Amino acid sequence: MKKMLMATAATALMAGGAMADEIKLGVILGFTGPIESLTPSMADGAELAMKEVSDSGKLLGGATVAPVRADSTCVDAGAATAAAERLVTAEGVKGIMGADCSGVTGAILANVAVPNGVVMISPSATSPALSEAEDNGLFFRTAPSDARQGVVMSEILMEEGIKEVALTYTNNDYGKGLADSFKAAYEGMGGTVTINAAHEDGKADYTAEVAALAAAGGQRLVVAGYVDQGGAGIVRAALDMGAFDSFHFPDGMIGQALEDNFGSEVEGSTGQHPGTDSPGAAKFVEQVGGAFDATSPFTPESYDAAALIMLAMQAAGSAEPGDYKSKVMDVANAPGEKIYPGELGKALDIIAGGGDIDYVGATAVELIGPGESAGNYRQITFKDGKITTVKYR
Amino acid sequence: MDFLNAIVALSNFVLIPAIAYGSQLALGALGVTLIYGILRFSNFAHGDTMAFGTMVVVLFTWWFQSMGITFGPLPTALLALPFGIIACALLIVGTDRVVYRFYREQKAKPMILVIASMGVMFIMNGLVRFIIGPNDQRFADGERFIISARDFKEMTGLREGLAIKTTQGITVVVAVIAVALLFWFLNRTRTGKSMRAYSDNEDLALLSGINPERVVLYTWLIVAALATVAGTLYGLDKTFKPFTYFQLLLPIFASAIVGGLGSPLGAIAGGFVIAFSEVTITYAWKKVLGYLLPDSLAPDGLVQLLSTDYKFAVSFAILVIVLLFKPTGLFKGKAV
């Protein structure tokens with residue numbers, strides 16, 4: 001305890017000298033590109049956490065945190081790498097909240113974060129490939145890997161007694177990654193995937209795709225696509241041709257549009273998407289008020305990602321990535337006092353006092369394996385034409 | 001019983017979709033082939049002409065729907081069709097006056113007209129997106145099915161369902177009417193005959209006193225009608241999205257060339273050849289063969305020649321084969 005106190009005191013002194021004023025954190029998201037409609041509220045979520053910490057004045061003895069935004073473009077690895085390089089070398093950021101899409105996240109990690117030793121916490125990259133990426137302990141994510149979703153999907157289908165499914169996925173990193181992880185998990189549990197076929201988004205006609213799926217057969221059709229893209233076209237054609245009448249929908253398919261377009265026609269279909277009934281989600285909405293859309297996808301994850309970086313800094317007593325990278329898992333997981341959104345000041349106090357915290361945040365954060373969210377999923381089913389919650393798992 | 005199941009499965013997944021798609025392609029290819037035969041160039045703007053006509057139909061359909069006008073069990077879009085044709089005709093006759101007539105008077109080479117039509121294509125492309133946006137638009141209404149898969153199963157007690165959508169039925173009926181009218185016009189009326197004469201030998205036609213501008217005008221009017229009808233049927237059956245009409249250009253040209261550019265009969269045959277090849281080559285035959293063959297021979301695999309991703313590649317492949325071995329197409333069109 002004495003040592004701890006001394007260490008804190010020493011850091012406080014150091015902080016006074018070197019960096020009392022301002023710690024910069026990068027916010028790298030695709031402000032232009034295919035998910036540009038989601039990123040503004042994601043960035044707002046991250047910056048809300050930084051403001052909360054700055055206002056509390058308790059981080060490393062009174063340091064403030066300033067966000068620096070950069071554009072990942074979501075799809076252009078070259079542009080994303082250049083943007084991240086600028087943040088690290090020119091702006092001198094001590095950590096990166098980002099990036100968003102799986103492809104650019106991998107590129108920034110390999111080309112910028114690892115060579116420069118900067119911590120990255122992504123709120124939304126879900127590709128299973130990132131679990132095995134070479135990261136020197138610098139990469140974390142508050143979004144669950146789709147490998148996890150594949151397992152959850154398989155469990156749901158097995159519990160429903162579905163042993164044979166046809167599988168179609170949208171032909172990109174998300175669809176392929178999810179389809180592969182589902183297929184592996186499902187077959188591991190004794191299920192059979194009769195066909196694993198890609199579909200392209202944005203086509204007018206999916207009868208040929210559905211004809212192939214129908215020929216292969218199966219008790220249910222698993223559609224790993226997008227609800228306002230090819231996924232909906234596949235479901236429409238499958239219903240029209242009488243090929244399948246019940247489906248399983250992963251996260252990309254769950255949305256109001258699904259209920260509006262198909263409703264009672266897909267009675268008994270199942271699905272799941274990331275979601276939690278933890279009180280943190282409601283507290284986050286309350287804290288945000290009307291400032292931005294707190295329920296927009298990956299916005300709570302962004303708040304949590306930024307919060308974890310700052311709490312880890314406090315725990316390490318240093319803003320240097322090399323020092324605090326090993327503390328991220330400690331602050332995120334039990335044991336310790338549970339921390340919800342809006343309680344970052346309290347958390348900083350507890351850590352400064354030598355206590356231990358278990359950051360729950362807006363998305364019930366629990367980091368597992370190589371530092372990724374364990375993932376909480378909401379299992380849904382169609383009942384009387386409405387999406388209804390079965391349970392959380 | 002198994003034999004019946006096989007027939008029904010084949011009809012449901014191959015024959016009916018291919019016949020509907022083939023009719024839509026045939027109507028599109030007829031437009032392309034008429035322009036090639038009479039105006040002597042490949043009109044790359046045809047896909048977007050279809051999109052423009054369909055867009056007007058969609059807008060009128062929405063207007064009718066908002067006023068509560070419907071067409072009973074049939075889609076309201078059929079009522080809006082004449083307005084779409086008029087608007088489309090105005091647009092492309094206007095385009096002809098502004099763009100193509102200039103090159104015609106210069107006696108420009110066909111290649112120059114093709115490139116000009118590409119420019120027109122981009123402008124129409126932008127125009128449609130500017131007015132209605134790049135997204136999917138739904139405008140189908142009325143009864144969805146002539147017979148749905150579930151009803152069919154209950155009626156017949158077969159294991160396989162057969163679904164015939166209203167839009168598929170309408171597509172075939174309208175296509176037959178449109179083609180019959182076109183052939184009657186080309187073969188029986190004075191104007192139609194003068195168009196054919198102009199197509200066969202321009203100089204001889206001019207010497208015999210045929211007014212070329214009149215022929216050109218009528219050609220454009222017919223093309224506008226065909227394009228709007230084809231586009232509307234495709235949109236009703238599938239969905240209206242400007243980009244998919246641009247993509248339709250490939251199978252439409254493939255149909256026209258396979259049938260023989262300049263030959264109306266060839267365009268129709270070509271449409272069905274392309275549609276049936278696309279569907280049958282990418283179809284997984286497992287189910288049908290499973291019914292037909294004895295259990296010991298039933299296939300384990302999908303028996304699918306090509307993945308459905310390669311649908312467009314099929315049009316391309318057929319196009320290349322036809323151009324290599326029979327450059328004038330199945331029905332002896334003009335040499336390309």
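In which strand of chain A does A:Glu337 lie? A:Glu337 belongs to strand β11, residues 337-339 of chain A. This is a predicted model, in which local features need pLDDT of at least 70, side-chain atom pairs count only at pLDDT 80 or more, and totals for chains, interfaces and linings use all residues. Residues are numbered from 1 along each chain as its sequence is written, while chains are lettered from A and ligands numbered from 1 in the order in which they are written.

**View 1. A close look at A:Glu337 and its contacts.** Strands are DSSP runs of E with at least two residues, and helices are runs of H or I with at least four, both numbered from the N terminus. A:Glu337 counts as partly exposed because it has 15 C-beta neighbours inside 10 Å. (Buried means 20 or more other C-beta atoms within 10 Å, exposed means 12 or fewer, and partly exposed is in between; C-beta atoms are placed from the backbone.) Leaving out residues up to four places away in sequence, A:Glu337 touches A:Ile350, A:Gly355, A:Ile357 and A:Asp358. Contact here means C-beta atoms, placed from the backbone, within 7 Å. Between A:Glu337 and A:Ala312 there are 15 Å from C-alpha to C-alpha, with a separation of 25 residues in sequence.

**View 2. The two domains of chain A.** Domain 1 covers 2-145 + 277-373, and domain 2 covers 147-274 + 375-392. These bounds come from an automatic or database domain assignment. Taken over C-alpha atoms, the two domain centres are 33 Å apart. Where the domains meet, eleven residues of domain 1 are in contact with ten residues of domain 2. The domain 1 side of this meeting place has four nonpolar, six polar and one charged residue. (Ala, Val, Leu, Ile, Met, Phe, Trp, Tyr, Cys and Pro count as nonpolar, Asp, Glu, Lys and Arg as charged, and the others, Gly among them, as polar.)

**View 3. Where chain A meets chain B.** The contact takes 19 residues from chain A and 27 residues from chain B. On the chain A side, β7 (192-199) and α7 (207-216) each supply at least two residues. Helix α7 of chain A gives the most to that side, with eight residues. By type, the chain A side holds eleven nonpolar, three polar and five charged residues. For the complex, the predictor gives an ipTM of 0.80 and a pTM of 0.76.

**View 4. The nonpolar cores.** A nonpolar core is a set of buried Ala, Val, Leu, Ile, Met, Phe, Trp, Tyr and Cys residues joined through C-beta atoms within 7 Å. The largest one has 142 residues, and those with the most contacts inside it are A:Val210, A:Ala212, A:Leu213 and B:Leu226. Helix α1 (residues 2-39) of chain B gives the most to this core, with 19 residues. A second, separate core of 82 residues includes A:Ile28, A:Phe140, A:Ala306 and A:Ala362.

**View 5. Zooming in on A:Ala212.** Which residues does A:Ala212 contact, leaving aside neighbours within four places in sequence? Within chain A, they are A:Ile195 and A:Ala197. From chain B come B:Thr282, B:Tyr283, B:Ala284, B:Leu302, B:Gln304 and B:Thr308.

**View 6. Chain B and its helices.** Chain B has 13 helices and two strands. Of its 336 residues, 45% count as buried. Its mean pLDDT (the predictor's confidence in each residue, from 0 to 100) is 90, and 99% of its residues reach 70 or more.

Technical notes: Two residues are in contact if their C-beta atoms, placed from the backbone, lie within 7 Å.
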